[in-house]
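Reader: I have a model open and some questions about it. Can we go through them briskly?

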Amino acid sequence: QTISIAKAGITTVLNSRTSVLAAANPPSGRYDDLKTAQDNIDLQTTILSRFDLIFIVKDVRLYSQDKLIASHIIKVHASAGAASKETAASDGDNWLKRYIGYCRASCQPKLSDSAATMLQENYVNIRERMRVQAHETGESAAIPITVRQLEAIIRLSESLAKMSLSMEATAEHVTEAIRLFKVSTMDAAKSGINQQINVTPDMRQAETQIRRRMGIGS
């Protein structure tokens, strides 16, 4: 990952190898299903396009789910002291942390030919579907699908290969990376009222007539 700088006569490329985990609330404080994803995600597309995966987490009111969440939070606070001592004692035995460090240091996978072909085809298909959706709804997607998203899927594929200590990112890794991308960023881009309501030509005609009679947008 690099970032290009062209300021005050200085033109250079700097390394920016870092991971960013961010969280944000909708403008109204709660995700509104009656609004489009673009209205709920009030962030510039230039910022959103830089995240590999984007998840929308909704606060759904379900008795069983609320009970589980409340029980977990109470247990965390009730055993806070014991947990901190146990964590300090087991830092040296954290095999998962050591395994991740070993994978990152010893494995640098490359895309196989079949994986590269699959990536290219899926990226083109995703772009085409988003173009059709924008044409049908008359609105651009809240989360743009650009070359950055292709690079994100490549990074996910290579990360999955690293987890299995494979020196080659195969079609299986790409398939899983695309699945993760679809259930996160793609679902976030299509969430909201546009996903729930199928706007028919009659509905569009009625909307046009109402706008004309009331002078909306004129």
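Reader: Which residues of the largest nonpolar core touch the most other members?

Author: This is a predicted model. Its largest nonpolar core has 21 residues. Those that touch the most other members are Ile 126, Met 130, Ile 143, Ile 145, Ile 153, Phe 181 and Met 186.

Reader: Which helix gives the most to this core?

Author: Helix 6 (113-137), helix 7 (147-163) and helix 8 (171-190) each give two or more residues. With 7 residues, the one that gives the most is helix 8.

Reader: Where is the kink in helix 8 centred?

Author: Phe 181 and Met 186 are among the buried residues of helix 8. The helix has a kink of about 40°. The kink is centred on Lys 182.

Reader: Why does His 173 count as buried?

Author: His 173 lies in helix 8. Leaving aside neighbours within four places in sequence, its contacts include Ser 157, Leu 160 and Glu 168. Buried means under 20% relative accessible area. His 173 is buried because its relative accessible area is 15%.

Reader: In which element is confidence lowest?

Author: The chain has a mean pLDDT of 80, and 82% of its residues reach 70 or more. Confidence is highest in strand 4 (residues 168-169), at 93. At a mean of 48, confidence is lowest in helix 9 (residues 193-196).

Notes: Residues are numbered from 1 along each chain as its sequence is written. This is a predicted model: local features need pLDDT of at least 70, side-chain atom pairs count only at pLDDT 80 or more; totals for chains, interfaces and linings use all residues. Side-chain values use heavy atoms; hydrogens and water are left out. A nonpolar core is a set of buried Ala, Val, Leu, Ile, Met, Phe, Trp, Tyr and Cys residues joined through side-chain atoms within 4.5 Å. Buried means under 20% relative accessible area, exposed over 50%, partly exposed in between (1.4 Å probe, protein chains only). Helices (H or I, at least four residues) and strands (E, at least two) are DSSP runs, numbered from the N terminus. pLDDT is the predictor's confidence in each residue, from 0 to 100. The bend at a residue is the angle between axes fitted to the seven residues ending there and the seven starting there. Contact means heavy atoms within 4.5 Å.
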